[in-house]
Amino acid sequence: MSALLRPSPLLAKTQLYINGDAATQEIVTYVPQTTQAELREATRAAESAFKTWRKSSVLTRQRVMLDLQALIRQNMDRLAHSITLEQGKTFPDAKGDVLRGLQVVEAACGIPTSLLGEKLAVARDMDTYTIREPLGVTAGIAPFNFPAMIPLWMFPLSIACGNTMVLKPSERDPGATMILAKLAEEAGVPKGVLNVVQGGVDTVNYMCDEPAIKAISFVGSDHAGKYIYERGTKNGKRVQANLGAKNHGVIMPDANKNHTLNQLVGAAFGAAGQRCMALSTVVFVGESKEWLPELVERSRKLVVTSGFDKDADLGPMITPQALKRAEDLIQSGIDEGAEVILDGRGHKPKGFENGNFLAPTIISGVKTHMRCYQEEIFGPVLVCLFVDTLDEAIELINNNRYGNGTAIFTNSGSVARKFQEEIDVGQVGINVPIPVPLPMFSFTGSRGSIMGDLNFYGKSGVQFYTSIKTVTSLWRSEDATSTQAAVNMPTMR
């Protein structure tokens, strides 16, 4: 894209690096590659701010979180508009993106309780206790698919714990993060505590190598996540990296048919399938495969157009490259012997003929060796497999390298219990298609879907952004009156 086709309010906020509206391919914003000098300046600002911010009281930080959550709620439509414009989600789905991030901010309002340590009297007049302390300068690297939610997984909890942060939003849709940064300043976050930088590989490399940055939180693709984890940990940093996924939905014959099909359609195709927790793979057990024609008909009815259209069920994919990759994976399924029973390729909504649109697509008769099964398609594509028993379904899922999420649909409590106990996946839904935990828990993806041993938000998130100091103190009761020096080694008694 070489020319500005229409004006946008975002052009005043970011510069450089061309980015496009996914529904029209029109330019909506320029995004810069932050220079090395600017990256160093951002880090130095965060280092300097940390010296005072770490000494702020936990009640001060709690008050900032309370004010921030109120401001985000007041500006939800503004944030959602930015997401729909840049990323392409439907406006209601974009509001959901903001809401799920807002819930993490609301949970961070309980930071005084989250930072409580432990204390035990270990001997006469001697106590051992723990103190949770901030790490220092932290970094966040966010993906394109949740422009508000994922940054809100990162910076509120980090700064509530007393850290400072250098945050890099996706270069494809930075607008929501820029709005959030301004709201954070309005909520009372001091200058330098939150810094937003832009760019691609050069910015990421800087974050991995800069000694002042103590921890990196990343959500995104396998390739980038593995690279960041390896480079960051090699440099002594704490890294949490959420990677790819291939989430399976198991359909038992005794499930509630109407509920199951509705949930499956929404979880497979919502947000144009661009969710790391999208239910992109369905495993029909036994006679449930007879529901497939009705699944196709319900999927066919979804309206695919601009996210600003009030009737839209799903919008465009993020880039032409993402669209082509999804279409190539669909074709690979055909080439390897699967059958496309609902083909969404070539979809051209009226008025948006140049957009990155792929309508719901369903591939039947998929085998586990096929490329369309092995790779995360990250588009509105559902692959279907058939097995005879629950045991076969469990074995199939456990043999997949990913472990982000899975779901089972059944009316049998014993079947559900067997599934939850034997499945090797971090997040399990029972009649719930996208089991992303609320922030009083943690996002607990496992196996090939995460690198690092501490998960996002919740208790695990607090652990990630803090270190534990253990103190053992002796205040002898006799010292309150005694003036005689003690020369012997103190003993536990």
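# Reading contacts and burial in a predicted model

Reader: Are Cys161 and Cys372 buried or exposed?

Author: Read the relative accessible area (buried under 20%, exposed over 50%, partly exposed in between; 1.4 Å probe, protein chains only). Cys161 has 2% and counts as buried. Cys372 has 0% and is buried too. Of the 493 residues of the protein chain, 55% count as buried.

Reader: How many helices and strands does the protein chain have?

Author: There are 16 helices and 20 strands. Both are DSSP runs numbered from the N terminus (helices H or I, at least four residues; strands E, at least two). The radius of gyration is 25 Å, close to the 23 Å of the globule rule for 493 residues, so the chain is as compact as a globular protein of that length. That radius is taken over C-alpha atoms, and the rule is 2.2 Å times the number of residues to the power 0.38. Along the principal axes, the C-alpha atoms fill a box of roughly 90 × 60 × 40 Å.

Reader: How many aromatic pairs are there?

Author: An aromatic pair is read from the distance of the centres and the angle of the planes. Rings of Phe, Tyr and Trp (its six-membered ring) pair with centres within 6.5 Å; planes under 30 degrees apart are stacked, over 60 edge-to-face, the rest tilted. The search finds six pairs. Trp153 and Phe456 have centres 5.5 Å apart and planes at 45°, so this pair is tilted. Trp153 lies in helix H6 (residues 149-160) and Phe456 in the loop between strand S19 (450-451) and helix H16 (458-464), so the pair ties together parts 303 residues apart in sequence. Both residues are buried. Phe284 and Phe386 are stacked, at 5.8 Å and 25°. Phe284 is in strand S11 (residues 281-285) and Phe386 in strand S14 (residues 381-387), so this pair joins parts 102 residues apart. Phe284 is buried at 1%, whereas Phe386 is partly exposed at 37%. Trp153 and Phe456 also belong to one aromatic cluster with Phe443 and Tyr457.

Reader: How many salt bridges does the search find?

Author: Side chains of opposite charge can pair when their charged atoms come close. A bridge needs a side-chain nitrogen of Lys or Arg within 4 Å of a carboxyl oxygen of Asp or Glu. The search finds 28. Arg300 meets Glu297 at 3.2 Å. Both lie in helix H11 (residues 292-300), three residues apart, about one turn. Arg325 and Glu375 also meet at 3.2 Å, N to O. Arg325 sits in helix H12 (residues 320-335) and Glu375 in the loop between helix H13 (371-374) and S14, so this bridge ties parts 50 residues apart in sequence. Arg325 is partly exposed at 33%, as is Glu375 at 25%. Asp125 bridges Arg124 at 3.8 Å.

Technical notes. Residues are numbered from 1 along each chain as its sequence is written. This is a predicted model: local features need pLDDT of at least 70, side-chain atom pairs count only at pLDDT 80 or more; totals for chains, interfaces and linings use all residues. Side-chain values use heavy atoms; hydrogens and water are left out.
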